[in-house]
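Please consult the sequence and the structure before reading each solution.

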Amino acid sequence: IKACADKLKREMEEYGNPPVFPADSVEVESVKEDTVVIKDKSKGKKSKATAKSGGAKYQWQIMQSLGIKDEIIPLFADTSYWLKYFPPLAKMDLMRLGIHVDWRRSFITTDANPFFDSFVRWQFIHLKKRNKVMYGKRHTIFSPKDN
């Protein structure tokens with residue numbers, strides 16, 4: 001969420017609101033019909049991010065491809081707006097799938113909900129003290145710009 005919001009902010013600063021992108025970025029590459037059909041999706045050459053974006057180069061274009069109107073896209077530059085906009089849509093999709101959930105027990109687990117966030121932190125500290133949570137080495141993406 002933070003990365004997408006920051007990217008949207010930079011695009012609006014650089015290209016305006018609504019942005020006017022360079023002409024070469026508007027064209028989305030189309031795949032030729034005679035290309036090899038991949039039978040096993042795990043062997044595909046596209047990255048997960050490319051598949052999600054649908055070939056859009058800019059965050060604004062990705063938001064448009066999701067059906068979000070240009071008038072409200074600037075609101076997504078605020079990270080907290082993402083937490084207000086998308087959870088009701090996710091809930092609606094899950095209900096359409098027929099999932100049975102006790103929605104009274106759904107929480108946002110970020111600092112947007114300090115009470116529940118402190119509980120989750122306490123729980124992990126408690127589990128770590130009992131050696132129920134292990135930490136191992138893994139690669140992590142770090143942005144020096146955002147620290």
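H5 is followed by Gly 98, whose phi is positive, near 90°. The model is predicted, so local features need pLDDT of at least 70, side-chain atom pairs count only at pLDDT 80 or more, and totals for chains, interfaces and linings use all residues. Residues are numbered from 1 along each chain as its sequence is written, and side-chain values use heavy atoms, with hydrogens and water left out.

**Exercise 1.** Compare the span of helix H5 with its expected value, and locate its kink.

Solution. Helices are DSSP runs of H or I with at least four residues, and strands are runs of E with at least two, numbered from the N terminus. H5 covers residues 79-96, 18 residues in total. A kink of about 25° lies at Phe 86, shortly before Pro 87.

**Exercise 2.** Which peptide bond is cis, and where is its proline placed?

Solution. The bond from Asn 17 to Pro 18 is cis, with omega near 0°. Pro 18 sits in the loop between helices H1 (2-15) and H2 (23-26). Most peptide bonds are trans.

**Exercise 3.** Describe phi and exposure for Asn 131.

Solution. Asn 131 lies in the segment after helix H6 (114-129). Its phi is positive, near 60°. Asn 131 is exposed at 55% relative accessible area (buried is under 20%, exposed over 50%, partly exposed in between; 1.4 Å probe, protein chains only).

Definitions and conventions: The expected span of a helix is 1.5 Å times one less than its number of residues. The bend at a residue is the angle between axes fitted to the seven residues ending there and the seven starting there.
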